[in-house]
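This briefing covers one protein model, with notes on its pocket and its backbone geometry.

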Amino acid sequence: MKAFRAAVEAQDADAMAACLADNVVFTSPVAFAPYPGKPLTAAILRGVMRVFENFRYEREIADGRNHALVFRAEVGGKEIQGCDFLHLDEDGLIDEFTVMVRPLSGAQALSAAMGAQFEQIKAEALDAFHA
């Protein structure tokens with residue numbers, strides 16, 4: 001998943017979106033229901049780029065079409081550690097994207113920060129869907 005990792009590290013939202021399958025499902029560390037589709041997932045990733053500070057991947061684990069990217073970042077002054085669990089479809093695009101974070105204080109800061117982004121995320125997803 002070198003292309004996705006490089007896109008994230010370069011903060012290139014278009015390159016990140018290019019790695020997503022149209023039917024990707026994003027599972028958030030702070031929301032119960034998964035978010036389906038490329039427009040919404042791409043908008044969420046842009047929102048994450050706006051709230052994460054000092055983001056860095058520390059490790060990558062790969063097993064066939066399953067990948068785990070371990071990261072650290074700060075949100076609202078709280079340090080978080082997390083992992084992006086990615087599954088690739090037969091075309092090499094991400095069709096499942098699950099994020100987990102710790103500790104609880106970091107997850108709470110992330111939840112609050114992403115909640116503040118939600119209206120913009122919805123608007124961006126609708127714009128992309130109608131484009």
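**Backbone and pocket notes**

Asn54 lies in strand E3. The model is predicted. Asn54 is not a glycine, yet its phi is positive, at about 50°. Most residues other than glycine have a negative phi, and most peptide bonds are trans.

**Other backbone features**

- Gln11, also a residue other than glycine, has a positive phi near 55°.
- The loop between H1 and helix H2 (13–18) holds Gln11.
- Gln11 counts as exposed because its relative accessibility is 56%, and the cut-off for exposed is over 50%.
- The peptide bond between Arg102 and Pro103 is cis, with omega about -10°.
- Pro103 sits in the loop between E6 and H4.

**Largest pocket**

- The largest pocket contains about 500 Å³ of space.
- Its lining has 30 residues, and those closest to the centre of the pocket are Ile44, Val48, Phe52, Leu110 and Met114.
- By class, the lining of the largest pocket consists of 22 nonpolar, five polar and three charged residues.

**Elements that line the pocket**

- At least two lining residues of the largest pocket come from each of helix H1 (2–9), helix H3 (38–51), strand E3 (53–63), strand E6 (94–102) and helix H4 (104–130).
- H4 gives the largest share of this lining, with six residues.
- Strand E3, one of the elements that supply the lining, is also where Asn54 is found.
- E6 and H4 both contribute to the lining of the largest pocket, and the loop between E6 and H4 is the place of Pro103.

Notes:
Residues numbered from 1 in each chain as written. Predicted model: local features only at pLDDT ≥ 70, side-chain atom pairs only at ≥ 80, totals over all residues. Heavy atoms only, no water. 1 Å grid on protein atoms, 1.4 Å probe; cavity = no way out; pocket = protein on both sides within 12 Å on 5 of 7 lines; lining within 4 Å. Points joined across faces, edges and corners; volume = space filled by probe spheres on them. Helix = DSSP H or I, 4+ residues; strand = E, 2+ residues; numbered from the N terminus. Nonpolar A, V, L, I, M, F, W, Y, C, P; charged D, E, K, R; others polar. Buried < 20%, exposed > 50% of the residue type's maximum accessible area, 1.4 Å probe, protein only.
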